[in-house]
Amino acid sequence: MPEDIAGSEQMLANWNQSIQERAARYQEMATRVQGMTISERSSDGSVELTIGSNGILQNLVINESAAGKRMSEVSGEIMKLLQRAQSKIPALLQEAMAETIGTQDETANVLFDEAKKNFPAPPPEDGFARPAFEANEINFRVEDDAPPPARPAAPPARRRPPSDDDDDFGGESVLS
């Protein structure tokens, strides 16, 4: 019987060590992924951006060369670059997983599948820049240079005729 207890203790110690090693590998993966950034630049260099591994924009630079472009073109370029950068997140995550916890890990595969769902590949570029607002799109923007809406005119003040004066003070102050 003492052999059974010793064997169980050894099995429990091995299992505990395995869990601790796995947790350390997951922590290493998380640390690597947190430090990753992805940068993209437009073909003409007018727009540059950097995102974190969570897909959130960390830096945006609109260079002076964008000054001659329409704002809808610039905003369209920003969105295209952002989507292109975000679509690279699953590959970075898979690389970090392969180097730390392995790609056969079930939890790792769930994380990877979730990243692919949240950050899909951008649509193929068809060679021409699409205007930000086409005729079949609804525009909910507020134009900065639109005049403010006109305020309705206040109705003229009405005075009651003296005959309606029912305060019994005869037009005199009560304090006099």
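Colleague: What share of the contacts in the protein chain with a separation of 6 or more comes from residues 24 or more positions apart?

Modeller: The share is 53%. Keep in mind that this is a predicted model.

Colleague: Where does E99 lie, and is E99 buried, partly exposed or exposed?

Modeller: E99 lies in helix 3, residues 89-100. Its relative accessible area is 45%, so E99 counts as partly exposed. The exposed class starts over 50%.

Colleague: Let me step back. How many helices and strands does the protein chain have?

Modeller: Count four helices and three strands. Now read along the sequence. The pattern is α-β-β-β-α-α-α.

Colleague: How do I read a sheet?

Modeller: Start with the general idea. Strands of a sheet pair through backbone hydrogen bonds, and the pairing is either parallel or antiparallel. In this structure, three strands make an open sheet, ordered 1-2-3, with antiparallel pairing. Strand 1 and strand 3 (57-62) are the edge strands, as each pairs on one side only. Direction ignored, neighbouring strands are turned by 10 degrees against each other on average.

Colleague: What should I look for in the turns?

Modeller: Look at the backbone angle phi. Strand 1 and strand 2 form a hairpin with five residues between them, and G45 in the turn has a positive phi of about 75 degrees. The hairpin of strand 2 and strand 3 has four residues between the strands. There, G55 takes a positive phi near 90 degrees.

Colleague: How do I read the two faces of a strand?

Modeller: In a regular strand, side chains alternate between the two faces of the sheet. Take strand 1. I38 and E40 make up its covered face. T37, S39 and R41 make up the uncovered one.

Colleague: Why is strand 2 described as largely enclosed?

Modeller: Check its residues one by one. Five of the six are buried, so the rest of the structure largely encloses strand 2. Buried means under 20% relative accessible area. Across the protein chain, buried residues make up 20% of the 176 residues.

Colleague: Which strands does helix 2 touch?

Modeller: Helix 2 (residues 71-86) packs on the sheet and touches strand 1, strand 2 and strand 3. The direction of helix 2 makes about 35 degrees with that of strand 2.

Colleague: How much accessible surface does the protein chain have?

Modeller: It comes to about 14,000 Å². Carbon and sulfur atoms hold 55% of that surface.

Conventions. Residues numbered from 1 in each chain as written. Predicted model: local features only at pLDDT ≥ 70, side-chain atom pairs only at ≥ 80, totals over all residues. Heavy atoms only, no water. Helix = DSSP H or I, 4+ residues; strand = E, 2+ residues; numbered from the N terminus. Buried < 20%, exposed > 50% of the residue type's maximum accessible area, 1.4 Å probe, protein only. Contact = heavy atoms within 4.5 Å. Areas by Shrake-Rupley, 256 points an atom, 1.4 Å probe, with all protein chains shown as cover. Pairing = 2+ DSSP bridges. Axes fitted to C-alpha atoms, helices over the stretch in contact; angles between N-to-C directions.
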